[in-house]
Every structure is written in C-alpha cells, then in structure tokens.
Amino acid sequence: MPTNPIDRLTHAFSKLPGIGEKSAARLAFHVFKGDPKIAEELAQALLAIKCTTALCAHCFGITADDVCTICSDDRRNRQTICVVEEPKDMAAIEKTRAFQGIYHVLHGVLSPLDGVGPSDLRIAELVNRLEASPAVEIILATNPTVEGEATSHYIADILRPRGMRITRLASGIPMGAFLEYTDQQTLALAINRRREL
Amino acid sequence: MHLTYLRLQQFRNYPHLDLQLHPRLNIFVGNNAQGKTNIVEAVYFLSEGHSFRTSTAADLLQWGEDRAQIGTELMRDDLMDEIAVEVLASRRNFFRNGKKVRNIPELTTVLFAPEALRLTKEGPSERRQFLDHLLGQLYPSYRVALRRYTQALLNHNRLLRNEEMTYGDMARQLDGWKTQLIDLGAELTVLRSQGVADINRHLPEAYGAISKQEAPLRLQYLPRYGAEEALLGKDVVVGCLAKAFHDRRDDEMRRRTTLVGPHRDDLAAHIGNKEVRHFASQGEHRSVVLALKRCEIRLLEEVLGHPPILLLDDVASELDPSRNHAYFSQLLAHTGQVFISAVSAEDVDLPETQEARWFSVSSGQIDFLKK
Ligand SMILES: [Zn+2]
C-alpha cells in the first residue's frame, strides 16, 4: 500500500541537511494547507535545480547555462583569475563586489588523509584554461586551513614557470573589529605577519 | 581564583552530586574505584575540555545516559562566573553564565598524577607532551601552531606512504606540506626553546626546596635540528629546518615517514653532569618531576597573575615519608586552590593547623570527614 502523501513529503524533507523529523512534518503540513501556488513554485524550483543547472564550462561554478553569468559578462577582467575551493566561496567573494575578475572553482582541497589528490580537483582544467587564454594574475583564495595552504602552494608551483603574478589572500584582524574581541588564533597570526609602515 | 562548589550530573558514578568546596585544600580520601579520581577528573575537564584518563567521552557518561554535566562557580577576586560543561559522546559544550562559549581560558589547572613520575624515565613523547601542555597554556599561539603542525604532519606522512606515486609527483605534492611543516615547526621550536629557558629560571629554587642535592638541576631542550639556532629567532630556524629537510629528502622517501621537525624533539634533565634518565636513583627521579611541576605552577602564576588550581591525583602514596613531608610543605606555599585524592588520610602529611576540607568517598557517596 502506498504511503500517504503527507508522510511521503515529510520523509523527503527529512533527508535535507539540518531538517529533523519534526521540522519536516511541519513543512509538509504547511505545504498541504497553504496556497497551491507555493507547492507549484516549490516543485518547479526543485526540478529546475537538477535539470537545468550544470557546472560552467570555463570556471566550474554553478550555472543555468553552458557558461555562467560571470564568465559571459564582457565587463569582467579576464586577466585576473580568483581560484576558490567551492562555489559557495565564489558567491561570498561576489557579494563583496570588490572583485572584477573571473573565477576558477577547484571543487575541494588537497587532503592525502581523505585520499584527495590533484587529479580529484579541477587543477588540470585551470592549466588548460591558462593555456588557451593566459592571465596576468592568479589569486589563490583557498581557505587558510593547512589543506587550503598546501593546495595553494601546489598550484603556485605548477603555475610559476608561466611567469604570471601569483597572490594569496591576506589574513588578519577583521575590519571594524576590536583587538580585545578578536579570537586568539587570528590575533596571534596578525602579530606574526605584521607589516612595515 | 577558586571554585566555590562542584555539581555533577550523570558524570561517571555520580547521578547527582553537590559539593561545597574549600577555597584552599580539598582532600578526597577513599579506596580505589570509589570515585575520588572522578572529582579531580571533573575539575580537569572544566579547564581542558577532555579527560586525562580516557579519550572516549562515553566513558564519562553514566551507563544509559546520553549526556553528563559538570557545573561550578568560579571566583576571581570579587568576580563570580557560573561555569558549566555539557559532555556528550561526540562533543562538549561550554557555558559561561548560561551563554555558550568555546572554552574557559581563565580556569587553569595543573595536574599531577602518578603517570607524571614516568616523565624522566620513558621515551621522548611523554616529555614532548609535558612541554606541549605547558606551552599551550602559556601561549595561545602555541596551541594553534601545534594543531596545524600535527595536521600537516599526518598529511605529509600519508603522502610518503603512497606506494603508487612516481617520485616526481610525490616530490611536487610533498612540497606544500613541507613548507608548512618548516614554518610551523620553526615557530614551535622557538617557543619550546623559550619555554625551557623559562623553566630553567625557576628550577634552582624549586629543586632546592625538595632535594638536598648540592649539584644543580638543569633542563636541556634537544631539538634534532636548530638547537643553537632556536635562540636566534624563527627565521634562522626556518633556514635550518629547510636545510635538514633537503639533506634528508632521500632518506625520508626511503623510510616513508617525516624525519625532520619538532615531533622528534626531546628534553634531557641533568643533575650536575649526570643525565637523570640514565643515572638517577628512584628518589631523584621523583624530586626532578616534583621540581618540574613546581616550575609549571610558577610559570602559570607569572603569566596568569594568580595561582592555577592544583590537581593531585593519588600522588602521595608514590612518595617516601621524607619526600611526602617536603612535598606537602611545598604545597602549602602554593596559595591557590588544591584538590587532592588519596587512598588514606595518613598519606597526606599536613600540619594540624592547616585549613582544609576533608571528604570521604565510598561508592559514589561523599561525606565530610573529621580529621
Ligand atoms: Zn563561469
């Protein structure tokens, strides 16, 4: 006998991260009682994300088309490529509107302990991309974890013979923050990496 | 700094315990496996976020329970904070005045358990642990560097053990980890060298109070690379470690493990020109460890501006009567709060006049003990 529709929807919602049985049931009842338009919009959006999104052919960010809106924007500076770990990092930098260049998403970091090597990341694709259209600067914007540092180091070594400028994101005290509220890790690093004035 | 009470819920063999504590000495007397060490362990957990007896948090929970709670009130001069830690099988949550926090850095403890007496006898890893623990409390940046160093080391070793990779591929991939091992390793080396110098500053006084030896006790830091360079600062050690990595590269590939770096450092203690590890008597070993602990307390006191809480787990029974006496008179010079566990009240050699609260511990039942 098929499961009743409420239980079926509850079960489906509960598979999403951060949603427990109770919240899943609440969502399911909300959809059941609510405006049919909500259900329709949800159903279409859910299907669309799987059917109509793909990885951008150039930067491997998430896109609805073959090439993402950033890569296809003529106003972006193609001479500067910012290398990030995940699409969500690309979104975070985009929100700042401080960066006018284009991106390259690695989809992970080097981590021998987890069995992740260079061939599991989009590193060869980055090299091919630079082969086709050279850039002036590569910004390595992986996270400041030991894995992120090792990944940036590896990529820098590979790209260095090409003679382009290679930079790494700075780390330090958040702007507008007070020293007394900055966590010890960040503060110690900021002291160690102090700069000349 | 002292704790005014201790409240345990579903912790070890205590379903519920409320203890009013003495600001100075709290002495728990009872046979083994009755629950006296559990009290010391609970206080240690509040400051460290882990146990010194087990790495499995589930061991701390009462049978069939999914969480335990340790609560206390921390007095610092005229400031009072409610501190609690909730222990779950997979994580722990700290609370200060009901607000969730990452840790309780102001609550600092020094633990002295019988295992510490092995410090001068066993392999170098015990001595590195002693130094890591002390320096982690003295310098917040040490703890961060050590955590990152360990993570980089594990990855570096895993790569070295990969037998399917070509030499060229391996060398290219090792480089990013090696660079970090050198940078973080140099940071650790410099801080360790500084820490050992700090310990040596306090050793003559600490050792003199415990031992009647004429010859002085000195601690020597023995990094495999960069012993002299460590005094010249981080940049010099970086150069030294980089050279060592370069020289031993083939060796490293052949032996498939990281051969260079502070994870292979050691410490040596000397009484006069005798190395303690090889030539000291049983009694001398104990005096050396007691003196090192005394230095640890002094250094923390210097940095924190107040004495740390002392935790003495069943140490007294390990000492002969004359050392026991010297040991406890040293203790009384410590003005902070102390938790002592002992099998019998006779093991704790204190003057009659000493202010202290005595407890008897039997099957998880705690009563006041009149001494
Ligand atoms: Zn793109």
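Which domains does the domain assignment give for chain B? The legends below start from that point and then move on to the other views. This is a predicted model, in which local features need pLDDT of at least 70 and side-chain atom pairs count only at pLDDT 80 or more, while totals for chains, interfaces and linings use all residues. Residues are numbered from 1 along each chain as its sequence is written, chains are lettered from A and ligands numbered from 1 in the order in which they are written, and side-chain values use heavy atoms, with hydrogens and water left out.

**View 1. The two domains of chain B.** The assignment gives domain 1 (2-108 + 308-369) and domain 2 (119-279); such bounds come from an automatic or database domain assignment. Taken over C-alpha atoms, the centres of these domains of chain B are separated by 32 Å.

**View 2. Where domain 1 of chain B meets domain 2 of chain B.** Here 5 residues of domain 1 are in contact with 4 residues of domain 2 (contact means heavy atoms within 4.5 Å). The buried area is about 450 Å², and carbon and sulfur atoms give 48% of it; buried area is the accessible area (1.4 Å probe) that two parts lose on being put together, summed over both. On the domain 1 side, α1 (36-48) and α9 (321-333) of chain B each supply at least two residues. Helices (H or I, at least four residues) and strands (E, at least two) are DSSP runs, numbered from the N terminus.

**View 3. The interface of chain B and chain A.** In this view, 21 residues of chain B are in contact with 19 residues of chain A. About 1,800 Å² is buried between the two chains, with 59% from carbon and sulfur atoms. The count of salt bridges between chain B and chain A is 0, whereas 6 residue pairs are in polar contact (both at pLDDT 80 or more). On the chain B side, the elements that give two or more residues are α3 (140-160) and α4 (167-210). The most comes from α3(B), with 11 residues.

**View 4. A close look at A:V127.** You will find A:V127 in helix α5 (residues 123-132) of chain A. Leaving aside neighbours within four places in sequence, A:V127 is in contact with A:I158, A:L159 and A:R162. A:V127 and A:I155 lie 28 residues apart in sequence and 9.3 Å apart in space, C-alpha to C-alpha.

**View 5. Confidence along the two chains.** The predictor's confidence in each residue is pLDDT, from 0 to 100. Chain A averages 90, and 99% of its residues score at least 70. Within chain A, confidence is lowest in helix α7 (residues 184-192), at a mean of 75, and highest in strand β4 (residues 101-105), at 97. Chain B has a mean of 89, and 100% of its residues reach 70 or more. In chain B, α9(B) is lowest, at a mean of 74, and strand β1 (residues 2-11) is highest, at 96. For the complex, the predictor gives an ipTM of 0.76 and a pTM of 0.81.

Note on methods
Salt bridge = Lys/Arg side-chain N within 4 Å of Asp/Glu carboxyl O. Polar contact = N/O pair within 3.5 Å; in protein donor to acceptor, adjacent residues only side chain to side chain.
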